Protein chains: 4
Amino acid sequence: MPENQQTEESPTRRERTEDRPRRRQARGERRIAQLLEAAASVFCRTGYTGASTNAIAREAGVSPGTLYQFFPNKEAIAVGLSDQLLEHWATSHGQALAAENTSLPLDRMLDAVLDPLIAFNVENPAFGVLMHAPDTPGRIIEEIGTLHGAILTRVEDLIAARLPGGPADQRERTANMTLMLFKAGLTLVMAHEGAERQAYITELKTVMYRYLEPLLGEDGAGGH
Amino acid sequence: MPENQQTEESPTRRERTEDRPRRRQARGERRIAQLLEAAASVFCRTGYTGASTNAIAREAGVSPGTLYQFFPNKEAIAVGLSDQLLEHWATSHGQALAAENTSLPLDRMLDAVLDPLIAFNVENPAFGVLMHAPDTPGRIIEEIGTLHGAILTRVEDLIAARLPGGPADQRERTANMTLMLFKAGLTLVMAHEGAERQAYITELKTVMYRYLEPLLGEDGAGGH
Amino acid sequence: MPENQQTEESPTRRERTEDRPRRRQARGERRIAQLLEAAASVFCRTGYTGASTNAIAREAGVSPGTLYQFFPNKEAIAVGLSDQLLEHWATSHGQALAAENTSLPLDRMLDAVLDPLIAFNVENPAFGVLMHAPDTPGRIIEEIGTLHGAILTRVEDLIAARLPGGPADQRERTANMTLMLFKAGLTLVMAHEGAERQAYITELKTVMYRYLEPLLGEDGAGGH
Amino acid sequence: MPENQQTEESPTRRERTEDRPRRRQARGERRIAQLLEAAASVFCRTGYTGASTNAIAREAGVSPGTLYQFFPNKEAIAVGLSDQLLEHWATSHGQALAAENTSLPLDRMLDAVLDPLIAFNVENPAFGVLMHAPDTPGRIIEEIGTLHGAILTRVEDLIAARLPGGPADQRERTANMTLMLFKAGLTLVMAHEGAERQAYITELKTVMYRYLEPLLGEDGAGGH
DNA sequence: GATGAATGAGGATTCATTCAT
DNA sequence: TATGAATGAATCCTCATTCAT
């Protein structure tokens, strides 16, 4: 039965010259989305090492052969998933890390940055699984590094904007620490629900506020 | 001291004056130590799920059968390892979390508590691996929980000693957050060496000082 | 009671001149008895193939090494057990198959023969397990054959005594069938308890009576 | 009507327009047959406990992985085999136990019932192995019970038809005994060949005739 | 003689991956 | 392209047997 193409994927579409050969690809895109969704679900349940490609295929409702038509191996699935999450982040919450937030007072900035980040993680729990990735083999780490690094860079930028004069290595340490703080707090946030989760969100913001305030707050950029 | 753990025998046991249970314990005890050391090493490299019992046996220089003479299954190895680490901690650094530290000024207290904790983790990197344990099966979590819980309790005690009037749930959240902060910072510490590691240790203490100071500092113990 | 030596194999026993050095052997005899008892128990639970020598040693309360000091391998344990059972039978119930029963009326003879046989089996359930031995490797079959054959021979003798004129091959078939009938009925007997067991014993005797009566019953040997 | 047996799909394909469930069944079905045949052969040689799944796979000329694509574990192979045998019996010899035989004179009835049963066992020696199944784990016993029970029920029916007035428990005992007699005789039949086998078949019928004749024969249903 | 340790091949089962249709 | 079959090495674990003390 002839399928109609391109139902959903690839939100940033700038079809320059090619949208002819896409016809055939449409189904493929959907398959990939299916598979990545299944992978996210399985990774969340069992971690990367514990996930079997057969289990992912089954969860996606396809045969193992089909999975391997789109991903050359298990690693590529994780990489593909992190790519997708990164892109999803960029298009849906990405502006949270945008430069304009730099000028807000620290507490407002933390709200502006953390709330979308937390929301994103709540919506995409696989993100956290891949980030922590304590058992993922080499190449994935790098790819994860991209994702990790993207956030890291943003954090560093934010710091640099407010504290332009500091030494680079200290700035890097602060960025790293800030990111780790966030990941730690996020774990706690994810581990609770409802009011308790809210309380942990507040607590996380408190941690970060107190940590960053002496550096960024005061008369800093957003000060006055 | 006579220890009998998992294996099986010793059906009729009435220890008058002797230690029948385990006669040939010398070699066995050494093997167990060897195996746990090997397990620590392999777990660090590959995580729990990724570790194969054959790899652990090989690392320990024994046959798979020998491993299974001392541990009934893979889980038991991790449990045994966490037990050993817990005991090792208790005997060698345990006093770090002791009550007397409660009366120190916050910054001194952080030194007193964190330095041994960090030192222990540096010496026993498997500790961190088991703690994070994102993919470990049920029973280990509980055992790890013991370990985790032991620290958590200490942290809560410390907080309660300084802040006796606060609501219990907030205190619990603070304890949890403190522990997570530590784990997060520790990751960074472990990921670096030499001067950089020192810098991260300082940074971690800064984070914790700033987080806890408003709650515990002031006039409390250390006024500042 | 003077013990006969026979440390392990040597199915063909010809005690020349030695029975002095037996003093030291006493403990060994007890060990062997212990081990065979344990083996009987384990074989009953799991069958020969399913039984592990370690399990037998454990059941006997000794170490695997000790077991192998008395039996060169697993097969030898089964062989030793069947030897022991055979001997036990010979000394305690053996007269059941004795020649004098030959002259009894068939129903009385069946009582005289079957009751001890059943009693023996009830007391030594391992006997049945080894007899059926559906999964026992080659050599055991032969040894079992001895045991099996011993009974078979008796049965044949009984038949021959009553039916001296028949063709040998038919007599052999009748003996085989009689034995199999008994084993079949015994299974049913063993599978029940109390009154039901009694009923099956009666039923078994009925079977055998009806089968053998035309051959052996009536007045003298050759009925009709 | 659509039948699905153990795997899950339907080998007999006559559904209107869709055959989604299992497309690539041809090869698979053949493999299953191959594997069951191999399993029958190996079970006959070594019994259930002694059979290794690798040996079965090897006998079938496939890799272990392939075996596990069709059977989740060793038990399932035995269950699948008994299912297949049961079905094979039902379709090829099943009418032997049909009700109409009830009205034949006992000797004719025994021929009508036993000959197909014996023929079936000769053709499918694994049947006997599974039936005796002295070492098979729990679930198989149940499945075997089905098989066993199917025959038992038939036997009971036959007896009930001829002897409607008897007490139920005695009828059950007679059925059990009859079945056991058959199994015992069958062992003898299977253990011989040619003329000797024929002689044992006759002997078996004699046993059963003499056992059942007083109950069923005479003026019984089909008597005279 | 007894023990517990040691062995290593083998057993059931899984899994990432490839192949034929 | 999609499927399910096929693979075989690897996994966890067991077991008969031997060794050192």
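Of the atoms of DNA strand F within 4 Å of the protein, what percentage belong to sugar or phosphate? The share is 65%, and the rest belong to bases.

This is a predicted model, in which local features need pLDDT of at least 70 and side-chain atom pairs count only at pLDDT 80 or more, while totals for chains, interfaces and linings use all residues. Residues are numbered from 1 along each chain as its sequence is written, chains are lettered from A and ligands numbered from 1 in the order in which they are written, and side-chain values use heavy atoms, without hydrogens and water.

**DNA strand F**

There are 36 residues around DNA strand F, where near means having a heavy atom within 4 Å. Thr53(B), Tyr68(B), Thr53(C), Arg31(D) and Gln69(D) come nearest.

The table gives polar contacts, meaning pairs of N or O atoms within 3.5 Å.

| Residue | Protein atom | Distance to a phosphate oxygen of DNA strand F |
|---|---|---|
| Thr66(A) | polar side-chain atom | 2.9 Å |
| Ala51(C) | polar backbone atom | 3.0 Å |
| Arg31(D) | N or O atom in the side chain | 2.3 Å |

**Two helices of chain C**

Helix 5 (residues 106-123) and helix 6 (residues 125-132) of chain C pack at about 95°, with axes 4 Å apart. Helices are DSSP runs (H or I) of at least four residues, numbered from the N terminus. Axes are lines fitted to C-alpha atoms over the stretch in contact, and angles run from 0 to 180 degrees between N-to-C directions. Helix 5 and helix 6 of chain C are therefore roughly perpendicular, a term for angles of 65 to 115 degrees.

Conventions:
A polar contact is a pair of N or O atoms within 3.5 Å; within protein, one must be able to donate a hydrogen and the other to accept it, and residues adjacent in sequence count only if both atoms are side-chain atoms. Angles under 35 degrees count as roughly parallel, over 145 as roughly antiparallel, 65 to 115 as roughly perpendicular and the rest as oblique.
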